[in-house]
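Here are my notes from a first look through this model.

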Amino acid sequence: LWPLKNAKIIREEFFYRAWGANMAWLVRGVRVDRAKLIWEWVIEKEIMPNLRPEMQEKIAHHRAEGHRIVLLSGTFLPLLEVIAARVGANDAVGTPLAKEHNRYLGRIIPPLGVGIGKIAWLQKFLGGVGKGIDLMASFLYTDSFVDVPVLEIVGHPVVVYPDVRLAALASKRGWQVIGMFLIN
């Protein structure tokens, strides 16, 4: 689907939904405790080495300011929880994976946390353990145009290494931008 997304034949949000549904199959039948070893490996080998230093600094800054740090992502929740623990975030809000008898079933619990789906999981979080969080006082960092609906509901939207479309929208709306991809 990647070439179809890049050729603008399919919408970006459709691409992410298909990706999320299909990626869940990778852990079908895997025990929850065994999957945690997989998440740790992914974080150690892929996530942490590629975490941008400026974002590490932002996390440290927010922590020093006493802010509650919530990772909000379409990423599978079990993986996101391990990432949150590693970077010192207080909470993780992501796409849950269906499980039964302590094994993953190879599918997500809808909706996928992308676009409007991300808002649905955020609202559920805000109605529970996130009660009392003021979205107008909150910062949101994202690199994806599909997150525009979430950027529009926070007081401090920040785009990080955005693509051309998101960079243009951020410029038009006066949103803070961290980094820019160089397009050849």
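**Entry 1: salt bridges.** I counted six salt bridges, taking one to be a side-chain nitrogen of Lys or Arg within 4 Å of a carboxyl oxygen of Asp or Glu. I kept in mind that this is a predicted model, where local features need pLDDT of at least 70, side-chain atom pairs count only at pLDDT 80 or more, and totals for chains, interfaces and linings use all residues. Residues are numbered from 1 along each chain as its sequence is written, and side-chain values use heavy atoms, with hydrogens and water left out.

**Entry 2: Glu44 and Arg86.** I found Glu44 in a salt bridge with Arg86, their closest N and O atoms 3.1 Å apart. The two sit 42 residues apart and link distant parts of the chain, with Glu44 in helix H3 (residues 32-50) and Arg86 in helix H5. Helices (H or I, at least four residues) and strands (E, at least two) are DSSP runs, numbered from the N terminus. Glu40 joins Glu44 and Arg86 in a network of salt bridges.

I then asked myself: is Glu44 buried, partly exposed or exposed? Glu44 is partly exposed, at a relative accessible area of 45%, and Arg86 is partly exposed too, at 35%. Here buried means under 20% relative accessible area, exposed over 50%, and partly exposed in between (1.4 Å probe, protein chains only).

**Entry 3: Lys118 and Asp147.** I looked up another pair, Lys118 with Asp147, whose closest N and O atoms are 3.0 Å apart. Lys118 lies in helix H6 (residues 116-126), and Asp147 lies 29 residues away in the loop between E5 and helix H7 (148-151). Lys118 is buried at 7%, and Asp147 is buried at 5%.

**Entry 4: helix H4.** I turned to H4 (residues 53-64), which has twelve residues. From first C-alpha to last, H4 reaches 16 Å, close to the expected 16 Å; the expected span is 1.5 Å times one less than the number of residues.

Which residues of H4 are buried? They are Met55, Ile59 and His62. They lie on the same side of H4 because they cover an arc of only 65 degrees around the axis, judged by the directions from the helix axis to the C-beta atoms. An α-helix has 3.6 residues a turn, so residues three or four places apart point the same way. On the other side of H4, I noted Pro53, Glu57 and Ala64 as exposed.

The cover over the buried residues of H4 includes helix H5 (77-87) and strands E5 (139-142), E6 (156-160) and E7 (176-178). Just after H4, Gly66 takes a positive phi of about 80 degrees.

Notes
Contact = heavy atoms within 4.5 Å.
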